[in-house]
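Hello,

Here is the structure I promised to pass on. My notes follow below it.

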Amino acid sequence: MALLKPLGSEVSLTIAAPVDQVWSLVSDVTRIGEFSPETFEAQWTRGATGPAEGARFKGHVKRNGVGPTYWTGCTVTECVENRLFEFTVGMEGKTPVNRWGYRLESLGSETTRVTEYFRLTPSWPIRIYWALLGPFRTRTNERGMRTTLKRMKAVLEG
């Protein structure tokens, strides 16, 4: 049944760069505007200056790359250097709308597999939305994640 399927997706890409270089890029939210087709800038907030569990940042998003434009609050929920960078999106004190992240896997000293993923928080309104519009949003998000990772790859391999 569509209401019980996982609410999210992921995209992986292999990059010819050491895991620490890939980590430095994916965990620096201030650079996301160089890569993402939707989030065109981000800044650390509330005294945060870099990736750490509990660090907060805001992303300036242009939905589907064209609009509407809005700021969204984010909280880093998992931060394991050279392995995992994950954050929730949503208003502080509320259940997060979704979770985005990057998993890194070293494939040797000069190669890294990076996986970007998103997971929506399973509430009934979100499950109904996902049953109706999930396939469309999944395609859009997968296209955006592929674009983001390819742009990161070009910088890291360039």
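**Surface patches on the helix**

Leucine 133 is partly exposed, at 41% relative accessible area (buried is under 20%, exposed over 50%, partly exposed in between, with a 1.4 Å probe and protein chains only). Its place is in helix α2, residues 124–157 (helices are DSSP runs of H or I with at least four residues, strands are runs of E with at least two, and both are numbered from the N terminus).

Before the rest, some ground rules. This is a predicted model, where local features need pLDDT of at least 70 and side-chain atom pairs count only at pLDDT 80 or more, while totals for chains, interfaces and linings use all residues. Residues are numbered from 1 along each chain as its sequence is written, and side-chain values use heavy atoms, leaving out hydrogens and water.

Leu133 belongs to a nonpolar surface patch of about 570 Å². Patch residues have over 30% relative accessible area and no salt bridge; nonpolar side chains (Val, Leu, Ile, Met, Phe, Trp, Tyr) are joined within 5 Å, like charges within 9 Å. A salt bridge is a side-chain nitrogen of Lys or Arg within 4 Å of a carboxyl oxygen of Asp or Glu. Areas come from the Shrake-Rupley method with a 1.4 Å probe; for residues, only the protein chains shown count as cover.

There is also a positive patch: Arg139, Arg143, Arg146 and Lys150. Lys and Arg count as positive and Asp and Glu as negative, with His and the chain ends not counted. Each charge is placed at NZ of Lys, CZ of Arg, CG of Asp or CD of Glu. Arginine 146 lies in helix α2. Its relative accessibility is 37%, so it counts as partly exposed.

**Cysteines**

The whole structure has zero disulfides (pairs of cysteine sulfur atoms within 2.5 Å). Cysteine 74 is buried, at 3% relative accessibility. Cysteine 79 is buried as well, at 19%.

**Backbone**

Most residues other than glycine have a negative phi. Which way does arginine 46 go, positive or negative? Its phi is positive, about 55 degrees. Arginine 46 sits in the loop between β2 (39–45) and β3 (56–62). It is exposed, at 60% relative accessible area.

Asparagine 82 also has a positive phi, near 65 degrees. Its loop runs between β4 (69–80) and β5 (84–89). Asparagine 82 is partly exposed, at 23%.

Best wishes
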